[in-house]
Amino acid sequence: MQKKYIPLLIFFTALLAFAVHLGARLTAEVPAFSLADEEKRIYLTFDDGPSTVVTNRVLDILREEGVQATFFIVSDRVAGREETLRRIVREGHTVGVHSKTHRYGEIYASDEALLGDVRACAETVEQITGAKPRFYRFPYGGGTARQRDLLEAQGYTVIGWNAVCGDTDLSLGAEALVKESLKTAGTRGNVVLLLHDGAPHKATAEALPAIISAFRARGYAFCAFR
Ligand SMILES: [Zn+2]
């Protein structure tokens, strides 16, 4: 090679190196996008149970559909429904801690009150199901960053949500709940959907088969927190 071509060679080598670098970055990013499409996941989460009718209806539907979910329970509502709580675990779902009392003023009165509420709920779950709960959801969507740290220091993973079915509005019928679930989930690859299985939420159970089939049709896999 003639000497005069050497700068040109260096230039093209540098250009090639840059292109490889750029290419590597692009290929590192591309699978992330396509995987997000392939691995769309939805976590159905039910708060405020157990209740006699709604929780059992929800469990029937989940069993029929072969879907696993997560239940954040209120332990003061367990008495007389121990079998329902055991059924949740027996059928492969996850039980998380929501609260003992679900009374805002008491839970958030102090750090000690919060931790006491969580501990009491967790003890009930463990006594009845034999499973020690590892997931926690703040009642009323509350919880400061500091309270979250407090819970995580106790070994809990704190679970929020990024989509709702809208069932806190008890005037909404099943069809509206399905619509709201899809609308609030948008195009997210990972959806954590907030639903309720307390006694007043019959419309949620009624909407559940359509919610499951709508997300299934959009390519979502159903997961419980593990
Ligand atoms: Zn709640």
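Tutor: Let's start at cysteine 165. Leaving out residues up to four places away in sequence, cysteine 165 touches Leu177, Glu180, Ser181, Leu193, Leu194, Leu195, Thr204, Ala207 and Ile211. Two residues are in contact here if their C-beta atoms, placed from the backbone, lie within 7 Å. Keep in mind that this is a predicted model: local features need pLDDT of at least 70 and side-chain atom pairs count only at pLDDT 80 or more, while totals for chains, interfaces and linings use all residues. Residues are numbered from 1 along each chain as its sequence is written.

Together with Leu44, Val191 and Leu193, Cys165 is among the residues with the most contacts inside the largest nonpolar core, which has 45 residues. Helix 8 (residues 202-217) gives the largest share of this core, seven residues. Such a core is a set of buried Ala, Val, Leu, Ile, Met, Phe, Trp, Tyr and Cys residues joined through C-beta atoms within 7 Å. Buried means that 20 or more other C-beta atoms lie within 10 Å of the residue's own C-beta, exposed means 12 or fewer, and partly exposed is in between. In soluble globular proteins, nonpolar side chains tend to be buried together. As for helices (H or I, at least four residues) and strands (E, at least two), they are DSSP runs numbered from the N terminus.

Now look at alanine 163, which lies in strand 6 (residues 163-164). Alanine 163 counts as buried because it has 23 C-beta neighbours inside 10 Å. Apart from neighbours within four places in sequence, alanine 163 is in contact with Ser181, Thr184, Ala185, Val191, Val192 and Leu193. Val191 is 28 residues away from alanine 163 in sequence, but their C-alpha atoms are 6.6 Å apart.

Next come the helices. The axes of helix 7 (residues 174-185) and helix 8 are 8 Å apart, and the two pack at an angle of about 45°. Helix 7 is therefore oblique to helix 8. On the helix 7 side, Ala174, Leu177, Val178, Ser181 and Leu182 make the contact, and on the helix 8 side Ala203, Thr204, Glu206, Ala207, Ala210, Ile211 and Ala214 do. By class, nine of these residues are nonpolar, two polar and one charged. Ala, Val, Leu, Ile, Met, Phe, Trp, Tyr, Cys and Pro count as nonpolar, Asp, Glu, Lys and Arg as charged, and the others, Gly among them, as polar.

Helix 8 has another partner in helix 2 (53-65). Their axes come within 9 Å and cross at roughly 10°, so helix 2 and helix 8 are roughly parallel to each other. Axes are lines fitted to C-alpha atoms, for helices over the stretch in contact, with angles running from 0 to 180 degrees between N-to-C directions. Angles under 35 degrees count as roughly parallel, over 145 as roughly antiparallel, 65 to 115 as roughly perpendicular and the rest as oblique. Val54, Arg57, Val58, Ile61 and Glu65 of helix 2 meet Lys202, Thr204, Ala205, Leu208, Pro209 and Ile212 of helix 8. This contact has seven nonpolar, one polar and three charged residues.
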